[in-house]
Amino acid sequence: MSFVQKIFSTVRLRERRSMLSDSATVQNYLSLAREHVQRGEMSEVERVCEEALELYPGNPELMRLVERSRELEREDRTRELYRQLREAPRPALYRELTETLLASGRVARAEECANEWYTQTGEGLAQLFRAEARCKRFLADKRRDDGRLALEFVAAAEKLLPNDPAPLKLELEIYERIGAWADAQRVLSRLLELEPGDPHHEARYRAISTRSDRAPAVDQALRQVEKDGKLADDDARPESPAPSNGSVRPRLQWLVAEPGVSASVYVRGATALVQGPKGATAERHARAVREVVQKSAGAARRLGLGQATEISLEGDFGTLLISPGELASAAIWMHKAPDERHRRALTELAGLSAGNEEEAS
Amino acid sequence: MIEVLDPLSKIPGVRLAVLVAPDGVPVCVRGKHAEEPQDGTREDIDSLAALATGWHCELARAVAPLSWNMPQRVVLRAARGTLVMLAVPGAVLVAICDRGASPDELRLPMEAAVARMQRILRGMGERGASSSDPQSLPGGALPSRASDQDPGLIHVDNRSSDSPSGSGQD
């Protein structure tokens with residue numbers, strides 16, 4: 001920013017502040033925050049947004065702006081840390097960089113950094129961060145190999161940090177998420193040895209001991225997670241209400257009325273709505289779509305591609321285009337190439353129940 | 001077969017191109033413009049080929065009750081990349097692309113690769129058929145067991161070489 005621009009910006013900033021003192025509206029807060037963005041004062045942006053969020057909690061624009069400013073701050077810090085590491089690497093810098101990368105969801109980069117740190121120093125903390133990064137990747141992709149590797153890293157970290165509860169806590173988290181309750185109980189008992197009398201651990205121990213009788217082994221549990229694409233505690237989360245018949249059917253009817261479209265299908269759990277084919281043929285279509293989604297989601301995880309977002313089959317039968325959502329899937333069978341409108345309609349239909357789907361990092 | 005896959009590997013965004021033969025042997029070419037995975041891990045080609053072809057068979061089984069034939073082209077878009085699979089008689093061509101790459105841009109190059117592969121196989125088949133004809137074999141430097149077992153040919157040769165000299169002496 002040049003000297004003249006800075007003078008103008010200071011004048012504008014004063015104006016925005018006086019406007020805000022006259023009326024504390026969301027718009028005035030946003031305009032003040034944006035002026036700070038232009039001046040590159042990210043900490044000020046965050047402060048203004050936090051003040052505004054106290055008055056207008058949950059405002060989406062303010063939340064987006066504060067999140068974006070935090071992200072920019074993290075990016076600046078990451079750049080600075082990379083520069084310092086190139087000049088003179090030391091464990092504290094590696095640690096901060098790994099933490100920053102994990103906080104911004106850049107899991108692969110974080111693991112890369114932790115690997116470099118571990119190679120250079122062989123520290124237990126570096127191994128723990130490797131485990132944490134791999135664990136995050138496993139929880140996002142639900143890939144068995146990732147889970148197994150995360151557990152291997154945790155075991156190595158436990159050996160390097162024998163009296164530290166942090167590796168045990170991470171191991172416990174993995175076991176709990178995959179539903180390996182017997183192993184979770186074993187880890188909790190070790191945690192209680194390190195931190196005796198902790199009421200939180202004791203309560204967890206009591207809760208887990210009721211489930212550990214018929215708990216699967218770790219490998220079995222990991223295999224199940226990869227197959228279903230669900231973690232053990234996913235069932236406990238309240239599902240969004242199923243969309244009503246009235247909201248799905250018109251969209252399916254619109255799709256099937258498009259030229260070249262022979263069938264449109266919506267599948268959610270055991271329920272299916274089919275437009276186009278009738279009776280047993282409709283049932284067969286729904287079953288085929290469900291099976292294709294199930295097999296493809298598993299294949300995508302095993303192939304290391306993460307969560308499947310679109311499946312398309314082409315052959316002498318035409319094209320079957322499927323949009324798999326978190327809870328529901330939508331598909332069309334057509335005799336010409338699908339275009340962007342079809343894709344968008346399917347994504348909307350599949351996302352009706354799941355809300356905004358988050359993309360795996 | 002590497003030269004069949006080589007043009008695919010030059011397309012930006014293609015991470016890996018694998019041709020899986022009917023006997024399950026994969027031939028793989030890595031993308032020249034592909035980014036190295038950030039975590040340093042590289043795909044295990046054998047398991048990738050097995051998983052991809054296994055998944056293709058599962059898809060064929062899933063759509064079989066609809067009286068549909070095996071899908072010829074399958075695209076699987078996912079969070080970390082896209083898999084494009086083209087099934088041809090006797091082989092499966094698999095390409096794995098980066099997240100931003102469009103699978104439609106691979107349609108023509110993959111079909112061209114398949115056409116090239118079939119042309120090579122056809123050429124090999126024709127050469128194989130012509131090489132099975134015994135008359136087209138070049139003659140060996142030394143008499144072989146096979147030529148010894150052909151009495152008519154030896155007999156004719158001996159006679160033709162002896163008779164002119166005999167007649168000359170007479």
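A residue counts as buried if 20 or more other C-beta atoms lie within 10 Å of its own. By that count, 28% of the 170 residues of chain B are buried. The model described here is predicted. Its chains A and B share an open sheet of 10 strands, with antiparallel pairing.

- Strands of a sheet pair through backbone hydrogen bonds, either parallel or antiparallel.
- In this sheet the pairing is antiparallel, and the order is β2(A)-β1(A)-β5(A)-β4(A)-β3(A)-β3(B)-β4(B)-β5(B)-β1(B)-β2(B).
- The edge strands are β2 (271-275) of chain A and β2 (26-30) of chain B, and each pairs on one side only.
- On average, neighbouring strands of the sheet are turned by 10 degrees against each other, direction ignored.
- The chains join in this sheet through β3(A) and β3(B), residues 73-78 of chain B, which run antiparallel with six bridges between them.

**Where chain A touches chain B**

- In all, 31 residues of chain A are in contact with 27 residues of chain B.
- On the chain A side, α6 (107-121), α14 (279-302) and β3 (308-315) each supply at least two residues.
- Helix α14(A) gives the most to that side, with 10 residues.
- Sorted by class, the side of chain A that touches chain B has 12 nonpolar, eight polar and 11 charged residues.

**Chain B: layout**

- Chain B has five helices and five strands.
- Along the sequence, these elements follow the pattern α-β-β-α-β-β-β-α-α-α.
- Among contacts in chain B with a separation of 6 or more, 46% come from residues 24 or more positions apart.

**Chain B: strand β1 and its partners**

- Is strand β1(B) enclosed or open? Seven of its seven residues are buried, so β1(B) is largely enclosed by the rest of the structure.
- Strand β1 (residues 14-20) of chain B pairs with β5 (residues 91-97) of chain B in the antiparallel sense, over six bridges.
- In this pairing, Val14(B) stands opposite Cys97(B), and Val20(B) stands opposite Val92(B).
- Strand β1(B) is also joined to β2(B), by five bridges, and these two strands run antiparallel.
- Here Leu19(B) stands opposite Val27(B).

**Helices lying across strands**

- In chain B, helix α1 (residues 2-9) lies across β1, β2 and β5, and runs at about 35 degrees to β2(B).
- In chain A, helix α15 (residues 340-350) lies across β1 (261-268), β4 (318-324) and β5 (328-334).
- Helix α15(A) runs at about 150 degrees to β5(A).

**A helix pair in chain A**

- Helix α4 (residues 60-87) and helix α5 (residues 91-103) of chain A pack with their axes 10 Å apart, at an angle of about 150 degrees.
- Angles over 145 degrees count as roughly antiparallel, so α4(A) is roughly antiparallel to α5(A).
- The crossing of α4(A) past α5(A) is left-handed.
- Which residues of α4(A) meet α5(A)? They are Arg74(A), Arg77(A), Thr78(A), Leu81(A), Gln84(A) and Leu85(A).
- Their partners in α5(A) are Leu93(A), Glu96(A), Leu97(A), Thr100(A), Leu101(A) and Ala103(A).
- By class, this contact of α4(A) with α5(A) has six nonpolar, three polar and three charged residues.

Note on methods:
Residues numbered from 1 in each chain as written. Chains lettered and ligands numbered in written order. Predicted model: local features only at pLDDT ≥ 70, side-chain atom pairs only at ≥ 80, totals over all residues. Pairing = 2+ DSSP bridges. Helix = DSSP H or I, 4+ residues; strand = E, 2+ residues; numbered from the N terminus. Axes fitted to C-alpha atoms, helices over the stretch in contact; angles between N-to-C directions. Contact = placed C-beta atoms within 7 Å. Nonpolar A, V, L, I, M, F, W, Y, C, P; charged D, E, K, R; others polar. Buried ≥ 20, exposed ≤ 12 C-beta atoms within 10 Å, placed from the backbone. Parallel < 35°, antiparallel > 145°, perpendicular 65-115°, else oblique. Left-handed = near helix turned anticlockwise from the far one by under 90°.
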